[in-house]
Amino acid sequence: MDPGIMFTSLIFIGISMLVSWRLKSKFKQYSEVPVSSGLTGKQIAEKMLRDNGIYDVQVVSVDGFLSDHYNPANKTVNLSPEVYSSASIAAAAVAAHECGHAVQHANAYRWLTLRSKLVPAVQVSSSLVQWVLLGGILLINVFPALLLGGIILFAVTTLFSVITLPVEFDASRRALAWLNQTAMMPAQEHKQAKDALWWAAMTYVVAAVASIVTLFQYLMIYMGARSRD
């Protein structure tokens, strides 16, 4: 791997680890603060879905720490055990956020629709990109077109990371707006829920920025090789 790309990767790995540590710290902190409504994550999710006129989405429990997600394929809000059965600030925030994705799906939110359409392409590119880029770097002087192919594959995953940002921020916006409109949380609890979701969003921001920077570096390597031809 190019030394510049390796150095950049190490920097962003470090930043990602710090943000991830901060997110887990915030989740642990707010998991210990009970929500005044007394509702569990499951109950919060079910209420938000009903309030938005969504009755064909199931709320289920899945294994794994912070494994919470919405699956548009089978219309399920999947909550980790720490969220599903807990009546805490963290559980309420996460559950409402995942329901935010369900609301996006129901309303055909354009960024979620676009991201869903990209999933098959991302699955293919993710399985190939590492090896194509490696081969492209090793054969840069004799077969630069291979690196270009790797760059195109990497660009697909980068685009997916960038499109994920408005999807995640909008889901949090919907969650916080609903929590506020329904008076589900007093001001202090709402502030804590917003803080937890902000740190969750930062993990996606770091991933997107890292991907953009790395893509740019691969482009510079390719353009440098082309200029020597």
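A residue counts as buried when its relative accessible area is under 20%, as exposed when over 50%, and as partly exposed in between (1.4 Å probe, protein chains only). What you're looking at is a predicted model, where local features need pLDDT of at least 70, side-chain atom pairs count only at pLDDT 80 or more, and totals for chains, interfaces and linings use all residues. Residues are numbered from 1 along each chain as its sequence is written, and side-chain values use heavy atoms, with hydrogens and water left out.

**The whole chain**

- The protein chain has seven helices and three strands; here helices (H or I, at least four residues) and strands (E, at least two) are DSSP runs, numbered from the N terminus.
- Going along the sequence, you'd read off the pattern α-α-β-β-β-α-α-α-α-α.
- Taken along the principal axes, the C-alpha atoms of the protein chain fill a box of roughly 65 × 35 × 30 Å.
- Take the contacts (heavy atoms within 4.5 Å) in the protein chain with a separation of 6 or more: 72% of them link residues 24 or more positions apart.

- The three strands make an open sheet with mixed pairing, in the order β1-β3-β2; two strands pair if DSSP finds at least two bridges between them.
- At the edges sit β1 (58-61) and β2 (69-71), each pairing on one side only.
- On average, neighbouring strands of this sheet are turned by 25 degrees against each other, direction ignored.
- β1 and β3 (residues 76-79) run parallel and are joined by four bridges.
- Glutamine 58, for instance, has threonine 76 in β3 as its bridge partner.

**Helix α4 and its partner α2**

- α4 (residues 89-106) and α2 (residues 41-51) have axes that come within 8 Å and cross at roughly 30 degrees; axes are lines fitted to C-alpha atoms, for helices over the stretch in contact, and angles run from 0 to 180 degrees between N-to-C directions.
- The crossing of α2 and α4 is right-handed: that's the name when the near helix is turned clockwise from the far one by less than a right angle, while anticlockwise makes it left-handed.
- On the α2 side, the residues that meet α4 are Gly41, Ile44, Ala45, Met48 and Leu49.
- The contact of α2 with α4 has 11 nonpolar, two polar and no charged residues, where Ala, Val, Leu, Ile, Met, Phe, Trp, Tyr, Cys and Pro count as nonpolar, Asp, Glu, Lys and Arg as charged, and the others, Gly among them, as polar.
- Because 16 of its 18 residues are buried, α4 is largely enclosed by the rest of the structure.
- Just after α4 comes alanine 108, with a positive phi of about 55 degrees.

**Helix α6 and its partner α5**

- α5 (residues 110-138) and α6 (residues 144-181) pack at about 145 degrees, with axes 7 Å apart.
- The crossing of α5 and α6 is left-handed, and by class their contact has 23 nonpolar, eight polar and two charged residues.
- The end C-alpha atoms of α6 are 56 Å apart, which agrees with the 56 Å its 38 residues should span at 1.5 Å a residue; the expected span is 1.5 Å times one less than the number of residues.
- Threonine 158 lies in α6 and counts as buried, at 5% relative accessibility.
- Beyond its neighbours within four places in sequence, threonine 158 is in contact with Ser211, Ile212 and Leu215.
- After α6 you'll find alanine 183, whose phi is positive, near 55 degrees.
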